[in-house]
Amino acid sequence: QVQFVESGGGSVQAGGSLTLSCVASGFTFHSHHLSWHRQGPEKERELVASISNQNGTQYKDSVKGRFFISRDNAKNTVYLQMNNLAPEDSGVYYCNSGWARPLFPNWGQGTQVTVAS
């Protein structure tokens, strides 16, 4: 069964940093592209960043240069380092497999990020 467990969220002031982690299970982690998504208040879930199985990356325009996605295949974990956070970055962050869209219908509980101005 595919599972994602996200952690690392919290409340920070604008300009602060957080690093999110997601431990995945139930599929061959090293061979999959992975992605982070977020859902802000009264907004649809959106793709924030992706990392390929060859460590290529892509980012939503508004987070380029501030967010960095990485993976540790030995730990079945994908990370999202977030710097210079802004209030519009607030939301619940989720991980999944996939490059341009989520691969699995299963979602974890997410981790809440709140950025105060």
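The side chains of R38 and E46 meet in a salt bridge, with N and O 2.8 Å apart. A salt bridge here is a side-chain nitrogen of Lys or Arg within 4 Å of a carboxyl oxygen of Asp or Glu, and by that rule the count comes to 5. Keep in mind that this is a predicted model: local features need pLDDT of at least 70, side-chain atom pairs count only at pLDDT 80 or more, and totals for chains, interfaces and linings use all residues. Residues are numbered from 1 along each chain as its sequence is written, and side-chain values use heavy atoms, leaving out hydrogens and water.

**Who sits where**

- Let's sort out burial: buried means under 20% relative accessible area, exposed means over 50%, and partly exposed is in between (1.4 Å probe, protein chains only).
- R38 is buried, at a relative accessible area of 4%.

**The salt bridges**

- E46 also forms a salt bridge with K60, and the closest N and O atoms there are 3.2 Å apart.
- E46 lies in strand β5 (residues 46–51) while K60 sits in the loop between β6 (57–59) and β7 (67–72), so this pair ties together parts that are 14 residues apart in sequence.
- Strands, by the way, are DSSP runs (E, at least two residues), numbered from the N terminus.
- K60 is partly exposed, with a relative accessible area of 28%.
- Salt bridges that share partners link R38, E46, K60, R66 and D89 into one network.
- D61 and K64 form a salt bridge too, their closest N and O atoms being 3.0 Å apart.
- D61 is exposed, with 62% relative accessible area.

**The sheet**

- Strands of a sheet pair through backbone hydrogen bonds, either parallel or antiparallel.
- In this model, 4 strands make an open sheet, in the order β1-β3-β8-β7, and the pairing is antiparallel.
- The edge strands are β1 (3–7) and β7, each of which pairs on one side only.
- From one strand to the next, the twist averages 15°, where axes are lines fitted to C-alpha atoms and angles run from 0 to 180 degrees between N-to-C directions.
- Two strands count as paired if DSSP finds at least two bridges between them; β1 and β3 (residues 18–25) pair in the antiparallel sense over 5 bridges.
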